[in-house]
Amino acid sequence: MKIRTLLSIVLLLAAGCAFSAATSVVPKTAPAKSLIVVEGVQMIKRHTRANPQRNVKGGIVEKESPINLSNVALVCKNCGKHTRIKHQVLGDDRRVRICKKCGSTIE
Ligand SMILES: [Zn+2]
């Protein structure tokens with residue numbers, strides 16, 4: 001998984017997408033399904049039933065729906081471009097993620 005929860009900022013690449021070229025953070029990922037939730041993107045309305053036992057209020061709840069991983073790209077904090085990552089092993093055997101475009105470390 002190239003994109004990590006909460007740390008990554010992603011760019012939406014889908015053509016014709018209302019949010020194309022917007023950057024946002026990632027609250028949740030599902031690598032096995034190639035799905036990703038991007039903050040403020042693909043908002044859906046759920047009509048939820050109240051569940052007092054689990055302290056859930058009823059009504060219409062707006063939340064994000066997952067989108068396919070192929071429609072987003074990682075944005076490097078250092079160079080600001082959307083990029084791919086490469087892995088590099090440091091001297092002390094730690095593995096870091098590196099921006100393919102500028103070579104800076106991405107945590
Ligand atoms: Zn970079």
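Q: How many helices and strands are there in the chain?
A: The chain has zero helices and twelve strands; helices (H or I, at least four residues) and strands (E, at least two) are DSSP runs, numbered from the N terminus. This is a predicted model, in which local features need pLDDT of at least 70 and side-chain atom pairs count only at pLDDT 80 or more, while totals for chains, interfaces and linings use all residues. Residues are numbered from 1 along each chain as its sequence is written.

Q: Which strands form the open sheet, and in what order?
A: Three strands form it, in the order E3-E4-E7, with antiparallel pairing. Two strands pair if DSSP finds at least two bridges between them.

Q: Which are the edge strands there?
A: Strand E3 (28–30) and E7, each of which pairs on one side only.

Q: How many bridges join E4 to E7?
A: Two bridges join strand E4 (residues 35–37) to E7, and the two run antiparallel. Leu 35 stands opposite Asn 68 in E7.

Q: Changing topic, where is Ser 70?
A: Ser 70 lies in the loop between strand E7 (67–68) and strand E8 (72–75). Its C-alpha atom is separated by 7.8 Å from that of Ser 34, 36 residues apart along the chain.

Q: Does Ser 70 count as buried or exposed, and why?
A: Ser 70 counts as exposed because it has 10 C-beta neighbours inside 10 Å. A residue is buried with 20 or more other C-beta atoms within 10 Å of its own, exposed with 12 or fewer, and partly exposed in between; C-beta atoms are placed from the backbone.

Q: What share of the chain is buried?
A: Of its 107 residues, 15% count as buried.
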